[in-house]
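Here's a quick briefing to read with the model open in your viewer. Have a look at the fold first, then work through the points below.

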Amino acid sequence: MNGSDKPIGRRALLKMMAAMAGSCWLTPSLIQAVERTAIKKTIPASNERLPVIGMGTSRTFDSAGNSEKIAKLGKVLEQFFKMGGSLIDSSPMYGSAEHVLGTLLKRTQPGSLFAATKVWTDGKEHGVTQMELSRKLWGVERFDLIQIHNLRDWRVHLETLKRMKTEGKIRYVGITTSHGRDHDELYRALSNNPFDFVQLSYNIRDRAVENRLLPLAMDRGIAVIANRPFARGSLFRRVKEEPLPEWVDEFDCNSWAQFFLKYIVSHPAITCAIPATSKVHHVLDNMSAGFGKMPDSAMRGEMERTFEKISQA
């Protein structure tokens, strides 16, 4: 705060960042001096509130045997929790990610961890065995959320997950897809079954889920986790040489990462976005999207038009 108690502008912070040797100096305490309260959204099934920025582990945490990379991931995890992060998403599909994550959670003060993983196999017994292995790898007493990964044998696993929820072994039941070809089946599954969460791909370029799936989730009270928020990095390649528009100051945005994330989580149906990273300065940047103002509907339209113009150039 200055003498007039006016918060430092977030664009001013970006300019300060550029003057430094790197962005790692941007500590949680400095970010919280600008905006002290992380934005949270409500899980419809319970009214529990989650920070709108979580963390994915696909590719980034598949690092068993690489001590240097694991050490860096430990710092990423520490900063994630220091900045109020909660939801971490993984899967048996992600190689050694669950093992690495569990190892690091033992070394880190996890704060309010919201542990979310997936079941990714065929058959009831294989599913039960896989989920128990995931629990042991994470080192948690129970998962907050288990999701059926890419709808694999989803009818069988749904019955298991409903029973586990009733028995208090998990808190929420979910289902996921990253593929547009599965949207019709996902729509039918969500329409006729008691899912608490759905995870799907959504970003400023890939907006197909706005047509049917997001309205359905809102109608049925299903929380939505957005994966691939940066379209596996391709969004950054599109804007690589482009400056941020000046009007992003209106919603406290100071980087393209925050631009893309704020676009996602400002949609009324989206509960949380889960960017994945193995770099501390990226997690600081990503988590900053969960503070400050959010774009309204009119501003979201302007963001879409700006991105489309850049993409067509």
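This is a predicted model: local features need pLDDT of at least 70, side-chain atom pairs count only at pLDDT 80 or more; totals for chains, interfaces and linings use all residues.

The pairing here is between strand β8 (residues 197–201) and β9, which run in the parallel sense over 5 bridges.

**The sheet around β9**

- On the β10 side, β9 is joined by 2 bridges, and these two strands run parallel as well.
- Zooming out, both pairings belong to an open sheet of 8 strands with parallel pairing, in the order β3-β4-β5-β6-β7-β8-β9-β10.
- The edges are β3 (55–56) and β10 (272–273), each of which pairs on one side only.
- Over by β3, helix α3 (residues 67–82) packs on the sheet and touches β3 and β4 (87–89). The direction of α3 makes about 145° with that of β4.
- How much of β9 is buried? The strand is mostly covered, with 5 of its 5 residues buried.
- As for which way the side chains go, A223, I225 and N227 point one way from β9, while V224 and A226 point the other way. Residues on both sides are buried.

**Helices α7 and α8**

- For helix α7 (residues 183–192) and helix α8 (residues 213–220), the axes come within 10 Å and cross at roughly 10°.
- Angles under 35 degrees count as roughly parallel, so α7 and α8 are roughly parallel to each other.
- Which residues meet at this contact? From α7 you get H183, L186, Y187, L190 and S191, and they meet L213, L216 and R220 in α8.
- Sorted by class, the contact of α7 with α8 comes to 5 nonpolar, 2 polar and 1 charged residues.

**Two loop residues with positive phi**

- N150 is a residue other than glycine with a positive phi, near 50°. Look for N150 in the loop between β6 (143–148) and α6 (154–166).
- Buried or exposed, then, for N150? N150 has 18% relative accessibility, and the cut-off for buried is under 20%, so N150 counts as buried.
- A231 is another non-glycine residue with positive phi, again near 50°. The loop holding A231 runs between β9 (223–227) and α9 (234–238).
- With 9% relative accessibility, A231 counts as buried.

- S255 lies in the loop between α9 and α10 (256–265).
- The relative accessible area of S255 is 12%, so S255 is buried.
- What does S255 touch, leaving aside residues up to four places away in sequence? The answer is L244 and D285.
- With D285 there's a side-chain to side-chain polar contact of 2.7 Å.

**The whole chain**

- Overall, the protein chain has 12 helices and 10 strands.
- Of its 313 residues, 53% count as buried.
- Taking contacts between residues at least 6 apart in sequence, 77% join residues at least 24 apart.

Note on methods. Residues are numbered from 1 along each chain as its sequence is written. Side-chain values use heavy atoms; hydrogens and water are left out. Axes are lines fitted to C-alpha atoms, for helices over the stretch in contact, and angles run from 0 to 180 degrees between N-to-C directions. Helices (H or I, at least four residues) and strands (E, at least two) are DSSP runs, numbered from the N terminus. Angles under 35 degrees count as roughly parallel, over 145 as roughly antiparallel, 65 to 115 as roughly perpendicular and the rest as oblique. Contact means heavy atoms within 4.5 Å. Ala, Val, Leu, Ile, Met, Phe, Trp, Tyr, Cys and Pro count as nonpolar, Asp, Glu, Lys and Arg as charged, and the others, Gly among them, as polar. Buried means under 20% relative accessible area, exposed over 50%, partly exposed in between (1.4 Å probe, protein chains only). A polar contact is a pair of N or O atoms within 3.5 Å; within protein, one must be able to donate a hydrogen and the other to accept it, and residues adjacent in sequence count only if both atoms are side-chain atoms. Two strands pair if DSSP finds at least two bridges between them.
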